[in-house]
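Take a look at the model below.

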Amino acid sequence: FSVRCSPFRGRTDHNIGTITVLHDITAVKKMDQMKSDFVSMVSHEIRSPINSLLMQLKIILDGLAGETTPKQREILERATDKMLNLNNLVTELLDLSRIESGLVAHEKELVDIAGLLSEQKIFHTPYAQKKQMEIELTIENNLPKILANPRHMDEVLSNLITNAIKYSPEGGSIRISAGVKSECLSIEVADSGFGIPEEDLDKIFSRFYRVKDSNTRTIHGTGLGLAIVKSIIDSLHGSITVKSAPGEGTEFSILLPYNVH
Ligand code: ADP
């Protein structure tokens with residue numbers, strides 16, 4: 001059941017009672033479960049032929065099936081790229097359906113965000129350097145640990161940092177910070193990149209939504225990264241907000257209550 005309570009006011013605007021509405025959402029929950037089972041099943045069924053195709057392409061590209069001409073290699077390399085994109089899409093869909101179904105909610109432990117952020121910085125620095133970008137990391141002392149799935153927290157941080165690099169021109173900078181704000185762990189990822197138009201800001205967390213902008217049109221993506229980030233943060237009772245202006249950069253801010261168990 002979903003429960004909604006609201007005050008019932010009399011003529012003089014005094015509270016004279018409470019209206020409680022109980023809504024039977026069994027059918028909605030069943031539908032959600034069916035949807036998520038279906039996505040899991042389809043994703044698994046698609047993943048194995050993709051992996052088999054990737055393996056066969058690799059055998060030819062490694063020269064184990066005889067000589068290939070430069071033109072043939074170029075075509076096979078392009079096919080491999082497309083397959084990897086498809087594999088990425090299926091992996092993200094599967095992740096999203098697992099998180100939304102709550103199947104992984106119990107896989108939690110106390111996570112040291114400072115450690116994860118330092119590892120993420122080391123991992124992403126070579127990609128940033130390819131675009132002459134710098135990653136600046138500031139972590140407050142004695143950051144509290146939070147109860148979460150460490151793989152999910154890695155996914156959140158990695159998606160935000162990857163986007164900050166991906167949606168910035170060469171020579172930009174990324175500022176990552178973590179601290180404590182009003183009883184919550186606060187994480188911010190800010191870039192000096194292309195920015196997001198105001199009319200798109202409330203849509204970027206929806207599945208498959210991508211900004212149609214001349215700067216970012218040619219950048220590859222699935223439009224699922226931020227939907228995954230949002231559902232992970234929601235599952236931890238946290239919040240994520242974004243501030244951005246075209247040409248000036250983007251800042252994502254996460255607040256995670258650390259006393260929720
Ligand atoms: P993807 O990057 O795969 O397209 P996401 O869900 O991660 O999907 O992001 C959705 C959209 O939000 C992106 O397509 C991009 O238009 C926009 N976006 C996300 N992060 C940034 C950022 N740091 N700077 C500018 N635009 C961004």
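Questions and answers on selected side chains follow.

This is a predicted model: local features need pLDDT of at least 70, side-chain atom pairs count only at pLDDT 80 or more, and totals for chains, interfaces and linings use all residues. Residues are numbered from 1 along each chain as its sequence is written, and side-chain values use heavy atoms, with hydrogens and water left out.

Q: How many aromatic pairs does the structure hold?
A: Rings of Phe, Tyr and Trp (its six-membered ring) pair if their centres lie within 6.5 Å. Planes under 30 degrees apart count as stacked, over 60 as edge-to-face and the rest as tilted. On these terms the number of aromatic pairs is two.

Q: Which geometry do Phe-123 and Tyr-127 form?
A: Both sit in helix H3 (residues 113-130), four residues apart, so about one helical turn separates them. Helices (H or I, at least four residues) and strands (E, at least two) are DSSP runs, numbered from the N terminus. The centres are 5.8 Å apart, with 45° between the planes: tilted.

Q: What is the geometry of the pair Phe-205 and Phe-252?
A: Phe-205 lies in the loop between strand S7 (184-191) and helix H5 (225-235), and Phe-252 in strand S9 (residues 249-257), so the pair ties together parts 47 residues apart in sequence. The centres are 6.2 Å apart, with 85° between the planes: edge-to-face.

Q: Which residue lies over the face of Tyr-209?
A: A charge sits over a ring if NZ of Lys or CZ of Arg is within 6 Å of the ring centre and within 35 degrees of the ring normal. Here the distance from the ring centre is 5.9 Å, and the residue is Lys-212.
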